[in-house]
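Reader: I have a model open and would like to go through how its parts meet. Can we take it step by step?

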Amino acid sequence: MQLVDSLERADLSLTFAGTGAGHPERLTRGLEAGEVRLISRGEDGDAALALTPENPQDARELGAALAKLARELKAETVKVTATDHAAALASAALAAGWQDRRYKGGDEQPAALQLQVDGLDAAAAAHLRGVAAGVTFARELVSAPANHLNPATMAREAQTLSSHGVEVEVWDGPTIEARGMGLLAAVAAGSAAGPRLIRLTLPAQGAATRIIALVGKGITFDTGGYSLKTGAGMYGMKNDMGGAGAVLGAMRALAELRGRIPKGTEIRAYVAAAENMVGPHAMRPGDVYRAANGKTVEVTNTDAEGRLVLADALAVACDEGATELVDLATLTGVKVAALGNDIAALFCSDATLAARLKAGAEAAGELVWELPLHGAYLKSYRKNTIADLKNSDMVPAGGSIKAALFLQQFVTRPWAHLDIAGNAAKEDVATGWGVGTLVEYVLAGEA
């Protein structure tokens with residue numbers, strides 16, 4: 001689905017109760033907020049009706065319902081009358097209209113559904129198109145099977161962003177080891193593909209006074225390593241690079257919207273990409289590795305690999321001068337137990353940064369809930385180990401908090417961690433979760 005400015009005619013038109021010529025009561029009886037009702041069909045197009053959305057959430061539900069109805073009717077063009085929440089409706093419709101058909105049989109791809117939503121000014125429409133491009137890029141990455149997307153091919157996909165004005169640099173295994181990133185190298189050691197550190201930059205307008213680092217976990221497939229997952233637990237682990245997808249998608253969107261990035265703000269992205277596989281060189285429980293900041297880590301659980309690759313990327317980002325950092329990762333299963341698939345867990349070392357991220361998430365229609373960085377929980381990561389830290393104490397209770405505390409040991413600047421386990425893909429469909437939050441956060445500037 002793509003947003004267009006005008007349509008000569010529409011296969012499906014949506015109006016709101018009380019607008020235009022009005023509608024008989026029988027057509028609106030029982031109609032609920034967020035619901036779209038088909039009221040007529042004809043050669044000149046179909047007509048649907050909805051209650052006027054009273055808030056952005058109602059509008060988002062309408063947008064998703066409208067996209068579903070358009071698919072069912074095989075509509076190619078959709079027109080929506082004006083509403084105060086046009087942007088939220090259009091954003092949800094664009095997201096719900098996405099389908100990954102790259103791996104379906106047949107050569108012909110269906111034409112993109114054309115969507116016109118009245119009430120959007122040029123700036124709002126440009127913003128929607130930019131974010132939609134980023135979300136689509138993220139979803140295509142997360143949706144790709146692991147035999148199509150590994151660290152090397154992810155790096156090649158990231159390099160396509162250079163055509164949008166993004167500076168892209170890729171570090172391979174030898175460079176990663178030379179930079180002292182022993183944790184990232186260890187996670188990738190069991191894979192023939194090897195690791196990649198994908199570094200992207202959107203330079204500041206004028207002298208850089210603020211450097212935002214967006215850091216993404218890019219585990220393109222996670223077997224669990226020697227701490228092997230179950231068969232059911234392993235299926236779907238192509239999505240374990242959802243954080244990387246969101247970060248790369250955000251860079252795609254911000255490149256489109258770079259004129260709105262506050263002056264003096266440079267945006268950098270760091271994607272730590274690896275496959276967590278079993279092999280003759282794979283890391284083993286009990287092995288000790290040194291991180292980019294010099295700390296040593298004993299691997300007690302090879303399936304707690306995401307925090308290892310993030311730790312190295314965060315340390316490098318700090319070393320290269322980031323003034324604030326936000327990382328995204330499908331990090332812990334217990335996050336899903338705590339908050340489900342709709343709400344991401346936010347951990348943050350700085351109250352102002354946390355407030356900006358919450359505001360960005362609200363503006364994007366993405367839900368976050370802040371959890372505490374309860375320092376006492378880290379004690380179990382320092383007990384009974386020959387290294388500075390263990391990567392897991394093997395106790396699920398408080399696992400999301402402990403993982404965040406582990407990451408905090410590798411940052412020296414204001415930092416936030418978004419655990420998006422369960423958010424990156426729902427019912428096996430990639431969502432692009434996090435792109436909108438990151439874009440809104442960056443564009444809002446400093447508080």
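Author: A definition comes before the rings: those of Phe, Tyr and Trp (its six-membered ring) pair if their centres lie within 6.5 Å. The model is predicted. By that rule, the structure holds 2 aromatic pairs.

Reader: Which kind of aromatic pair do Tyr 381 and Phe 406 form?

Author: Their ring centres are 6.3 Å apart, and the planes make an angle of 55°. Planes under 30 degrees apart count as stacked and those over 60 as edge-to-face, so the rest fall in another class. The pair of Tyr 381 and Phe 406 is tilted.

Reader: How many residues does domain 2 bring to the contact with domain 1?

Author: Domain 1 covers 12-117 and domain 2 covers 132-444. Their centres, taken over C-alpha atoms, are separated by 35 Å. Domain 1 gives 7 residues to the contact, and domain 2 gives 14.

Reader: How many residue pairs are in polar contact across the interface of domain 1 and domain 2?

Author: The area buried between the domains is about 770 Å², with 55% from carbon and sulfur atoms. On the side of domain 1 that touches domain 2 there are 4 nonpolar, no polar and 3 charged residues. Salt bridges between the two domains number 0. For polar contact, the residue pairs across the interface number 3.

Reader: With which side chains does the side chain of Asp 100 make a polar contact?

Author: Asp 100 is in the loop between α3 (86-96) and β6 (114-117). Its C-alpha atom is 7.1 Å from that of Glu 140, 40 residues away along the chain. The side chain of Asp 100 makes polar contacts at 2.8 Å with Arg 102 and at 2.6 Å with Ser 143.

Technical notes:
Residues are numbered from 1 along each chain as its sequence is written. This is a predicted model: local features need pLDDT of at least 70, side-chain atom pairs count only at pLDDT 80 or more; totals for chains, interfaces and linings use all residues. Side-chain values use heavy atoms; hydrogens and water are left out. Domain bounds come from an automatic or database domain assignment. Contact means heavy atoms within 4.5 Å. Buried area is the accessible area (1.4 Å probe) that two parts lose on being put together, summed over both. A salt bridge is a side-chain nitrogen of Lys or Arg within 4 Å of a carboxyl oxygen of Asp or Glu. A polar contact is a pair of N or O atoms within 3.5 Å; within protein, one must be able to donate a hydrogen and the other to accept it, and residues adjacent in sequence count only if both atoms are side-chain atoms. Ala, Val, Leu, Ile, Met, Phe, Trp, Tyr, Cys and Pro count as nonpolar, Asp, Glu, Lys and Arg as charged, and the others, Gly among them, as polar. Helices (H or I, at least four residues) and strands (E, at least two) are DSSP runs, numbered from the N terminus.
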